[in-house]
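This briefing covers two ligand sites. Please look over the structure before reading the points below.

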Amino acid sequence: MLLLVLGTAAGGGIPQWNCACPGCSGARAHPHRRRRHASLAVRTGEGRWYVVNATPDIGDQIEERPELHPGPGPRQTHLAGVILTDAELDHTLGIARLREADGFQVLATAPVRQALLDRRRLGEVLAPYTDVTWRELPERGAESLDGTSSGLQVSGIPVSGKRPRYAADAPDDDAWVVALRLYDPSSGASVLYAPALAAWPDRLQQAAAEADCVIVDGTFWDDEEPRRTGISSRTATGMGHLPIDGPGGTAERLAPLSARCLYTHLNNTNPLVDPAAPQHKRLARLGIEVAHDGMVIEP
Ligand code: MLT
Ligand code: MN
Ligand code: ZN
């Protein structure tokens with residue numbers, strides 16, 4: 001399995017266009033601190049690629065990776081489709097950006113697909129431009145991405161019923177947000193990708209214990225961060241993101257795992273966006289990494 005980390009920031013990116021906080025100002029002054037919206041590219045067995053979540057940065061994210069460049073035909077893309085972990089804007093706005101393709105697939109759970117079709121009207125809007133194939137992301141078992149038994153398999157482990165704000169009144173469903181499990185039958189390697197964790201259910205713990213690599217929500221360092229920095233009146237948990245540090249935080253979940261563990265989806269208020277922050281040493285002592293844009297992961 002081959003994964004390219006296309007971005008590691010929470011909604012807004014780093015820097016965020018309308019933000020002058022220390023994290024965003026620091027990234028303007030030091031370009032190596034910039035982070036695009038959180039996304040992965042995953043290569044399937046036959047050399048085709050899927051992106052996990054389609055962010056507002058998707059055009060630039062494709063341009064920055066030679067592996068994802070089109071060719072040799074003039075309009076021949078290696079991108080087969082998009083796999084979604086949720087329906088949030090920062091993970092779905094890039095879908096419409098792919099309209100120049102002849103066609104592409106979107107794999108999502110039922111509530112996520114319904115939100116995109118019924119509330120965002122993506123089916124109607126995109127139909128005159130491109131041929132979108134909407135595929136079900138299974139909760140259990142495994143869907144082969146290329147339809148062969150040796151191909152990379154995906155499933156979405158339900159994590160929480162956190163809905164995007166634009167679908168706040170939509171029906172409850174624990175598959176609004178999933179942890180994506182990628183499994184390579186040829187090598188036996190598995191990866192868990194969960195950029196939005198409002199909860200840590202038992203089934204996620206079980207999947208994390210079995211995975212070779214776990215990449216999870218690192219939006220906020222601690223529960224008070226959104227209130228302390230003035231971006232919200234809610235705590236991190238209240239905003240649907242388990243914090244990294246503290247009791248009930250994700251660091252204490254990750255530390256005992258045998259998997260390689262990394263954080264992604266960092267908010268611009270997170271102290272980890274400063275490479276000199278002491279919090280990096282805290283994580284390193286626990287054996288946990290912070291993902292960065294451009295990282296290549298071969299589990
Ligand atoms: C989130 O990660 O909680 C969402 O992307 C927040 C948002 O953009 O509204
Ligand atoms: Mn987000
Ligand atoms: Zn900022």
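Predicted model: local features only at pLDDT ≥ 70, side-chain atom pairs only at ≥ 80, totals over all residues.

Residues are numbered from 1 along each chain as its sequence is written, chains are lettered from A and ligands numbered from 1 in the order in which they are written, and side-chain values use heavy atoms, with hydrogens and water left out.

**Ligand 1**
- Glu88, Asp90, Lys162, Arg165, His241 and His265 surround ligand 1 (a heavy atom within 4 Å).
- This shell has 4 charged, 2 polar and no nonpolar residues (Asp, Glu, Lys and Arg count as charged; Ala, Val, Leu, Ile, Met, Phe, Trp, Tyr, Cys and Pro as nonpolar; the others, Gly among them, as polar).
- An oxygen atom of ligand 1 lies 2.5 Å from a side-chain N or O atom of Lys162, and for Arg165 the distance is 3.0 Å.

**Zinc ion (ligand 3)**
- Cys19 (SG), Cys21 (SG) and Cys24 (SG) are the protein donors, 2.2 Å from the zinc ion (donors are N, O and S atoms within 2.8 Å of the metal, 3.2 Å for Na, K and Ca).
- Along the chain, these donors follow the spacing C-x1-C-x2-C.
- Cys19 and Cys24 are both buried (under 20% relative accessible area, 1.4 Å probe, protein chains only).

Conventions:
Polar contact = N/O pair within 3.5 Å; in protein donor to acceptor, adjacent residues only side chain to side chain. Buried < 20%, exposed > 50% of the residue type's maximum accessible area, 1.4 Å probe, protein only.
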